[in-house]
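Please open the model in your viewer and keep the selection panel at hand. The stops below go from the whole chain to single residues.

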Amino acid sequence: MSRRVVLAYSGGLDTSVCVRWLIEHRDVEVITVSADVGQTTEWAPIRERALAAGAVEAEVVDVREEFARDYCFPVLRANALYEGRYPLVSALSRPVITKYLVEAARRHGADAVAHGCTGKGNDQVRFEVSARALAPDLEVLAPVREWGMSREDSIDYAAKWEIPVTASKAKLYSVDDNLWGRAIEAGVIEHPWNAPPEDIWEMTRTVVGEPREVVVGFEAGAPVAVDGGRLAPHELVMRMNELVGAYGWGRLDMVENRRVGIKSRETYEAPGALALMLAHEDLEGLCLERDLQREKIRLAHRYAELVYDGLWFSPLKDALDAFVESSQRHVTGEVRLRLEPGRCFVVGRQSGLSLYDYGLATYDAADRFRHEDSEGFVRIWGLGIQTWAAKQGGVSSGGPS
Ligand code: ARG
């Protein structure tokens, strides 16, 4: 019996060619697994294409709810943005896809899993490190990294084997999307000076002009409702994509540092994810005790780096999840977002667990703050500085001459 390989299958040119290439060059049976993480695509033709390419089985799994709840929301609760900006769209889908590759590999008695990533990107890292974490015994194959075919070669190869791919020789961009957002790279945007052409955007086209407000409800740090209507995690994110995307907000244009040492120019659109993060972070301002909030802000960068670098399944990420989980117990409440063409911003927040105390904060007659206590507090707070200034002369520059 020939060996079996489970291939992560998107239905695109590369993964379609991978199916046939694995059969030809590795003498294996190929089972494809396509995970629906909310891409804008039709699944029936994708299944047929996998079978036409020679797969013995072609599975499609709808993982949208799990993806939103167990992958997107933890990142949201952590406020994790890679290099302070990117909400980890592609980085998030690879671990969940890998989970289903491994699951299928077990069910079909496969010896290996495979992906269609090139050797230059982050996604190979995420697939392979996730696979090693979940199934250390499985082999990981990466045909695209080995075969040395150009795009034209791949198209000819597909034609020769009568694989019905839709790709044309001129490819404008490389796109990866899911319900958390969309990444667009390559083509003219490979020159960092070139402005992103308007035609790259799909989720963030301004189609409404009248400003409006949206109220997002959170429970223990996870969004649960939009304008009072409770929604399942994936539905909530998709609803936010529609609402916010229609105002043309949620685009990013950046040069980022890939794990493999390359700087790359990336454009993203993630209207729902970025709006939810704005709202969530704001609610934390109301609900988190100061030191917890400060430490959490510091850890958000580390969390984002781990996810970006393919360490979703790792002990440090696990430990940070426990920290984030504990921090979110009281992050329950509502945030008002205002949408205007090209803008999305917070205009109000409320929570039954709020630490905001009007009696302490107000300057009006309801003030309960004990002003007299501040005198001693501030003197002692500044005591070390006062001693330093008196004994050592204080600042060396910028002070009075
Ligand atoms: N640079 C982003 C990341 O590493 C996006 C990658 C998009 N992947 C793709 N195959 N186009 O997460």
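This is a predicted model: local features need pLDDT of at least 70, side-chain atom pairs count only at pLDDT 80 or more; totals for chains, interfaces and linings use all residues.

**The whole chain.** Begin with the C-alpha trace, which spans about 85 × 55 × 45 Å along its principal axes. Of the 401 residues in the protein chain, 39% are buried, and among the contacts with a separation of 6 or more, 74% are between residues 24 or more positions apart.

**The domains.** Next, colour three selections separately: domain 1 takes in 3-75 + 88-160, domain 2 covers 174-350, and domain 3 covers 358-387. If you mark the centres of domain 1 and domain 3, taken over C-alpha atoms, you will find 60 Å between them.

**The ligand.** Now select the ligand and the residues around it, which are Ser90, Ala91, Asn122, Asp123, Ser174, Asp176, Ala183, Glu185 and Glu266. Two or more of these residues come from each of α4 (89-107), β6 (174-178) and β7 (181-185). With the domain colours still on, you can see that domain 1 and domain 2 each give at least three residues to this shell. Coloured by class, the shell shows four charged, three polar and two nonpolar residues.

**An open sheet.** Move on to the five strands that form an open sheet, whose order is β10-β9-β8-β13-β14 and whose pairing is antiparallel. At the edges lie β10 (229-230) and β14, each of which pairs on one side only. Zoom in on β8 and β9, which run antiparallel and are joined by four bridges; here glycine 217 stands opposite alanine 225 in β9.

**Helix α8.** Finally, select residues 233-245, the helix α8, and consider how far apart its end C-alpha atoms are. The distance is 18 Å, which agrees with the span of 18 Å that its 13 residues should have at 1.5 Å a residue, because the expected span is taken as 1.5 Å times one less than the number of residues. Within α8, the buried residues are Pro233, His234, Leu236, Val237, Met240, Asn241, Leu243, Val244 and Gly245.

Key. Residues are numbered from 1 along each chain as its sequence is written. A residue is near a molecule or strand if its C-beta atom, placed from the backbone, lies within 6 Å of it. Ala, Val, Leu, Ile, Met, Phe, Trp, Tyr, Cys and Pro count as nonpolar, Asp, Glu, Lys and Arg as charged, and the others, Gly among them, as polar. Domain bounds come from an automatic or database domain assignment. A residue is buried if 20 or more other C-beta atoms lie within 10 Å of its own, exposed if 12 or fewer, and partly exposed in between; C-beta atoms are placed from the backbone. Two strands pair if DSSP finds at least two bridges between them. Two residues are in contact if their C-beta atoms, placed from the backbone, lie within 7 Å.
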